[in-house]
Amino acid sequence: MAPRRVSGESVVLYEQIRNRLSDYAPQQLALDYPEAAILVPVVDCGGEPGLILTQRAAHLKTHRGQVAFPGGKRDSGDASLEHTALRETHEEIGLPGASVSVAGRLSQVMSLHRILVTPYVGVVEGKPELQANPGEIDSIFTVPISFFMEDDRLRTDTLGFQDHTLYVPCYQWGQYHIWGLSAVVLVDFLNAVYGAGIDLLEPPHE
């Protein structure tokens, strides 16, 4: 079935991503915590696929100044977590849900504040004009996926998660550092869709 919201070259990209995610079994965490959802927005970036990311506002109480995918907590009126991801993305960066075709979801992750986060991958139509909500977002930027595929990390952080030690990359793009939960979601996306083979359970080889 063709996507309802995208056309042209975006359809090809959507089909590629959807097909790859159809072979992927995302991890579902059996945890009774408040829920949130984020969008991993794939967009044209100078003629190649890229990802839209944000830098959270410096005045926020949690995760201030950190790089994140757009998204937020589920509201009681949200019909689904996918709806949450699209609604929050529109509120944070002005990207209309009608311009996004959701191709599938990734593994759930849990934030430091015990929020259960479900990421959705969406293909964005064209080159939309984005507007950062100053109450939540300081800036919006786009990174080519090819940059992440090189796995040229600034450092590797050691994080604990569900009795496991994760070796999570930190990538630097200009002034931005992409690390922590956002990097865990990013690596899951790269592995599931592009076969990057980045192993979070093993330290990187020197």
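In sorting the residues of a lining, Ala, Val, Leu, Ile, Met, Phe, Trp, Tyr, Cys and Pro count as nonpolar, Asp, Glu, Lys and Arg as charged, and the others, Gly among them, as polar. By that scheme, in this predicted model, the lining of the second largest pocket divides into six nonpolar, three polar and three charged residues. The pocket holds about 260 Å³ of space, and its lining includes Glu9, Asp44 and Glu48 alongside Leu13, Val42, Val43 and Pro49. At least two lining residues are supplied by each of α1 (9–22), β1 (35–45), β2 (48–56) and β7 (116–124).

Three strands form an open sheet in the order β9-β10-β11, with antiparallel pairing. Because β9 (155–161) and β11 (176–178) stand at the edges and each has a single partner strand, one side of each is left without a neighbour in the sheet. On average, neighbouring strands of this sheet are turned by 30° against each other, direction ignored. Helix α4 packs on the sheet, where it touches β9, β10 and β11, and its direction makes about 95° with that of β10. Between strand β10 (residues 164–173) and β11, which run antiparallel, there are three bridges; Tyr171 has Ile178 as its bridge partner in β11.

Note on methods: Residues numbered from 1 in each chain as written. Predicted model: local features only at pLDDT ≥ 70, side-chain atom pairs only at ≥ 80, totals over all residues. Heavy atoms only, no water. 1 Å grid on protein atoms, 1.4 Å probe; cavity = no way out; pocket = protein on both sides within 12 Å on 5 of 7 lines; lining within 4 Å. Points joined across faces, edges and corners; volume = space filled by probe spheres on them. Helix = DSSP H or I, 4+ residues; strand = E, 2+ residues; numbered from the N terminus. Pairing = 2+ DSSP bridges. Axes fitted to C-alpha atoms, helices over the stretch in contact; angles between N-to-C directions. Contact = heavy atoms within 4.5 Å.
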